[in-house]
Number of protein chains: 2
Amino acid sequence: MYQATERTRVRRLPERAAYDRDTVHAILDEGFVCHVGFAIDGQPYVIPTGYARAGGTLYLHGSTGSRLGLRPGMPVCVTVTLLDGIVLARSAFHHSMNYRSVTVLGRTRLVTDPWEKDAALRAFVEHVVPGRSADVRGADRKELVATAVLAVPLEEVSAKVRRGDPKDEEEDYALPVWSGVLPLALVPGGPVPDARLDPAVPVPSYVAGWDRRGRAAR
Amino acid sequence: MYQATERTRVRRLPERAAYDRDTVHAILDEGFVCHVGFAIDGQPYVIPTGYARAGGTLYLHGSTGSRLGLRPGMPVCVTVTLLDGIVLARSAFHHSMNYRSVTVLGRTRLVTDPWEKDAALRAFVEHVVPGRSADVRGADRKELVATAVLAVPLEEVSAKVRRGDPKDEEEDYALPVWSGVLPLALVPGGPVPDARLDPAVPVPSYVAGWDRRGRAAR
């Protein structure tokens, strides 16, 4: 269990909250794009970016040289959201979404150890497409220097999950309005080869069989 | 065109930036979950929530009564991200995502005018499932009072778009590694009726035919 803190305790609809490691890690492992929030002079910024989890640490790409970028030592909020469906209630008010989300509060640490950095760069690829990192050219010295990797410890963490049917007002159940859930999933289409790819190179099984759903169950 | 400001000008990979209204509005109209960032005592928070666009205004649900919630008059950053594909390069370093995102900077305004509030609540439903709002019971007085609606003007706005093939180092094109794009889309499954729904109520066409892709083209 992650310890709920004053800052991570879910106040709105607390019945949707979860703090156990299995739930949190399953969401982080199924997702692969997060939204990172940071503030500069009181103005918040939220940027979408890739991430990877390794044990109790979340790794993020940091930008280098950007005044408005994500920097080491900053307080951040990293949120990962998986959208599972649209909840259609009998009243406008009770329309909702089914989703699973994780929020991580913490401070970014610049990864300077070359072994940790190399492992994080490998994890960025491996987290999104398991099996891929063994096939590609790894980062060379120049690329390693050009990439800033930031770590956020998984310490102040909470999850929120909504699933299942709409919850309508008792008197609305008699309305002759279709209600239920329209499930949604992020689904892969057919792989599109690079224009310069040798057509003799086959599509790898980790691309052809890529399916994010149920990743956590492996 | 939205005027790029010191705060919205895209510095990292500026060739991906767009500031024209058509691009920005198309992304906002295809998406329906945003990530809202706000800061309290220097600590950023990022929460996923529904939204609707009406003309030059973005409407958000505000929470009521939560100390750590989104409040009127706060500087916020609202980011909407559509994920279009995984970009598989020949080197780990050049792996990327195809995506379209919009970032809105602004200050939240509490919607107090009853007509504007009613229209915004209707828009929340209609934005996610066009055609739905006419079928459901609208908000009553109690529900109107219980819901805080926040408006953010579309003034400081920028978009970022990446599409197409990976960009590899010239010397890596000779590597016998599959490269290209694995397209991704948020796809609906079959509608799941509410456990208490009268089976005689048919699935509406706006549910059976729900497809977010290309919504902007309508």
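Colleague: What makes up the secondary structure of chain A?

Modeller: The secondary structure of chain A comes to 4 helices and 11 strands, where helices (H or I, at least four residues) and strands (E, at least two) are DSSP runs, numbered from the N terminus. This is a predicted model, in which local features need pLDDT of at least 70, side-chain atom pairs count only at pLDDT 80 or more, and totals for chains, interfaces and linings use all residues. Residues are numbered from 1 along each chain as its sequence is written, while chains are lettered from A and ligands numbered from 1 in the order in which they are written.

Colleague: How do you know that chain B and chain A are related by a rotation, and of how many degrees?

Modeller: Superposing by least squares on the C-alpha atoms of residues with pLDDT of at least 70 in both copies, a rotation of 180 degrees with 0.0 Å of shift along its axis brings chain B onto chain A, with an RMSD of 0.0 Å. The two copies are therefore related as by a two-fold rotation axis.

Colleague: How many residues of chain B are in contact with chain A?

Modeller: Two residues are in contact if their C-beta atoms, placed from the backbone, lie within 7 Å, and by that rule 83 residues of chain B are in contact with 83 residues of chain A. S10(B) gives the most to this side of chain B, with 9 residues.

Colleague: What makes S10 of chain A and S10(B) a pair?

Modeller: Two strands pair if DSSP finds at least two bridges between them; strand S10 (residues 180-188) of chain A and S10(B) have 5 bridges, in the antiparallel sense, with Leu184(A) standing opposite Pro188(B).
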